[in-house]
Amino acid sequence: MAMQTMTKAKAHIAAPAVTHTNAYKVALVGRSMLAWLLALLLFFPIFWLGLTAFKTELQAIAVPAKLFFSPTLENFAEVQARSNYLLYAMNSIITSVGSTLLGLLIAAPAAYSMAFSPTKRSKDILVWMLSTKMLPAVGVLVPIYVLYQKFGLLDTRWGLTIIFTLSNLPIMVWMLYSYFKEIPREILEAARMDGASIFKEFRYVVLPLGLGGLASTALLCLVLSWNESFWSLNLGAANAGTLASLIASYSSPEGLFWSKLSAASLMAIAPIIVFGWFCQKQLVQGLTFGAVK
Amino acid sequence: MKRLTARLLLTPAMTTLFVWMIIPLAMTIYFSFLRYNLLEPGAHPFAGFENYHYFFTDDAFIPAVQNTLILLFSVMCITVVVGIALALLINEPFPGRAIVRVLLISPFFVMPAVNALMWKNMMMNPIYGLFAQISHFFGFGAIDWLSEYPLFSIILMIAWQWLPFACLIFMTALQSMDREQLEAARMDGANYLQQLRYLYIPHLGRSIAVVIMIEMIFLLSVFAEIFTTTGGGPGFETTNVAFLIFRQALASFDVGVASAGGLFAVLLANIAAIFFIRLIGKNLDK
């Protein structure tokens with residue numbers, strides 16, 4: 001009984017909604033309408049792109065813009081027929097999943113080592129790693145191109161997977177490092193006292209406790225690789241091109257193919273957007289590097 | 001954990017990143033001293049600092065540096081300020097908040113190339129674009145956004161893409177605010193501006209640092225948006241450093257000059273890195 005009263009009292013402090021006046025309610029309605037309006041406004045370009053994908057070319061460039069029309073699936077069929085969408089989609093999936101797994105394999109041990117056995121240099125190493133990410137890719141395009149040509153990696157899925165891994169690696173190490181740092185050291189020390197080997201320690205302590213971090217790192221890496229366009233345009237072509245290269249082939253300036261371009265774009269971004277919706281919570285937590293708790 | 005094991009675990013990542021950095025960098029330095037044009041095959045004679053001279057005296061060089069910095073700072077300011085405002089707006093529960101969140105975060109997942117094409121064709125096209133149609137409807141002339149306000153248009157596109165990211169990080173941070181402290185401040189009669197100044201903004205400090213850091217990493221090398229919309233023009237109005245190097249390397253096939261530019265980009269990235277460490281470092285350390 002006493003317990004109940006206490007929780008009640010606490011709830012009253014924590015949720016002052018009970019005492020809200022009418023003015024507050026009106027303000028809340030106003031605020032939520034504004035929030036809805038702004039969200040719809042920000043989402044609108046994507047909505048419009050989706051809509052255009054179902055129009056005919058003539059409807060797509062109609063003035064005034066058409067909101068209501070009888071939808072057609074023609075564009076999607078044509079995208080698949082003209083440029084083998086499925087091959088590009090497959091390449092996107094393989095390279096982004098591949099680079100994520102490869103990246104985790106390299107980044108996790110490094111982050112683990114720096115988080116649990118830090119030296120004076122650890123911070124500097126982290127910053128150095130991150131600084132490699134600030135280098136514009138064009139700065140090293142020519143050497144990479146030459147090297148890829150030499151090793152036969154041009155226009156291969158392996159080649160793209162490797163370059164995606166390399167460009168995401170600094171961020172992966174940094175994210176995992178921040179996550180691993182959150183794991184209480186006492187638990188690790190207890191495990192060590194019990195004589196756990198480093199692999200057992202990793203398997204039974206770090207992995208379960210850091211799983212959320214591993215997941216959000218993987219998610220972000222997937223999104224970044226999926227959307228990467230510079231390397232896939234320059235190093236992948238007919239065989240290994242990802243969906244980003246498919247879009248580029250539709251963006252030619254001669255002749256406007258808006259509805260086909262929209263269909264191709266929608267097919268390229270829909271999988272990752274839907275994926276992002278499902279994983280948004282994980283992703284946001286991961287992106288903040290544990291900085292907002 | 002034994003020292004040695006720790007070192008061993010760190011080695012793959014260190015080596016990989018080191019190789020990834022040092023080999024292309026060494027090659028870039030080497031190429032930058034050669035007269036190396038893909039259109040003139042054959043010998044690549046030593047050229048001294050000729051390429052550097054070309055790159056730094058290129059008419060596009062100063063505009064490119066300016067544009068890179070303007071882009072960086074504008075997008076950062078827009079996303080941080082508007083992001084905080086949006087996050088504050090959405091902070092209180094209201095009907096359909098989950099859906100609003102989903103709608104808001106979506107632009108972050110849109111491929112840069114698609115983002116650019118979408119804005120260029122469907123929004124900013126001077127005849128069929130929605131902006132033109134809206135301004136026509138209100139009796140104003142249509143604006144050809146990408147040729148009349150090119151840099152502004154690019155900034156708009158990129159800010160649209162990064163706003164959701166900033167907003168969501170701020171939202172997550174606001175959820176952890178101390179409600180009781182906030183209530184106490186309200187009871188004491190703190191007005192909204194005072195609450196903002198003394199409670200919200202300080203609480204958001206670390207997440208602002210995170211947003212700035214991540215955006216800096218990606219905004220320094222913006223490329224796809226410029227490539228697919230303006231091609232750096234009109235004139236050099238939307239040429240940034242990344243695009244300038246691309247132009248040298250792939251449009252004029254001048255590997256030598258592009259390499260000199262690449263080294264400049266490395267330098268710029270490092271200056272930015274030092275700058276951000278100064279700015280952010282304190283904030284990120286617990």
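Of the 293 residues in chain A of this predicted model, 53% are buried, where buried means under 20% relative accessible area, exposed over 50%, and partly exposed in between (1.4 Å probe, protein chains only). Local features need pLDDT of at least 70 and side-chain atom pairs count only at pLDDT 80 or more, whereas totals for chains, interfaces and linings use all residues; side-chain values use heavy atoms, with hydrogens and water left out. Residues are numbered from 1 along each chain as its sequence is written, and chains are lettered from A in the order in which they are written.

The secondary structure of chain A consists of 14 helices and zero strands. Helices (H or I, at least four residues) and strands (E, at least two) are DSSP runs, numbered from the N terminus. Read from that end, the elements of chain A follow the order α-α-α-α-α-α-α-α-α-α-α-α-α-α. Among contacts in chain A (heavy atoms within 4.5 Å) between residues at least 6 apart in sequence, 76% join residues at least 24 apart.

Chain B meets chain A through 98 of its residues, which are in contact with 99 residues of chain A. The size of an interface is often given as the accessible area lost when the parts come together. Here the buried area, that is, the accessible area (1.4 Å probe) that two parts lose on being put together, summed over both, is about 8700 Å², and carbon and sulfur atoms give 79% of this area. On the side of chain B that touches chain A, helix α1 (residues 3–32) gives the most, with 19 residues. The residues on this side of chain B comprise 74 nonpolar, 15 polar and nine charged. In this division Ala, Val, Leu, Ile, Met, Phe, Trp, Tyr, Cys and Pro count as nonpolar, Asp, Glu, Lys and Arg as charged, and the others, Gly among them, as polar.

Over all chains, a search of the whole structure finds two salt bridges. One of them joins D58(B) and R247(B), with the closest N and O atoms 3.5 Å apart. D58(B) lies in the loop between α2 (50–57) and α3 (61–91) of chain B and R247(B) in helix α12 (residues 241–251) of chain B, so the pair ties together parts that are 189 residues apart in sequence. D58(B) is buried, at 17% relative accessible area, while R247(B) is partly exposed, at 24%.

R186(B) also forms a salt bridge, with E183(B), and the closest N and O atoms of this pair are 3.3 Å apart. R186(B) and E183(B) are three residues apart in helix α9 (residues 179–187) of chain B, and thus separated by about one helical turn. With a relative accessibility of 28%, R186(B) is partly exposed, whereas E183(B) is buried at 18%.

The search over all chains finds zero disulfides, a disulfide being a pair of cysteine sulfur atoms within 2.5 Å. For C279(A), which is in no disulfide, the nearest cysteine sulfur is that of C221(A), 14 Å away. C279(A) is buried, with a relative accessible area of 17%. In chain B, the sulfur of C77(B) is 17 Å from the closest cysteine sulfur, in C167(B), which is too far for a bond. C77(B) is partly exposed, with a relative accessible area of 48%.

Terms used:
A salt bridge is a side-chain nitrogen of Lys or Arg within 4 Å of a carboxyl oxygen of Asp or Glu.
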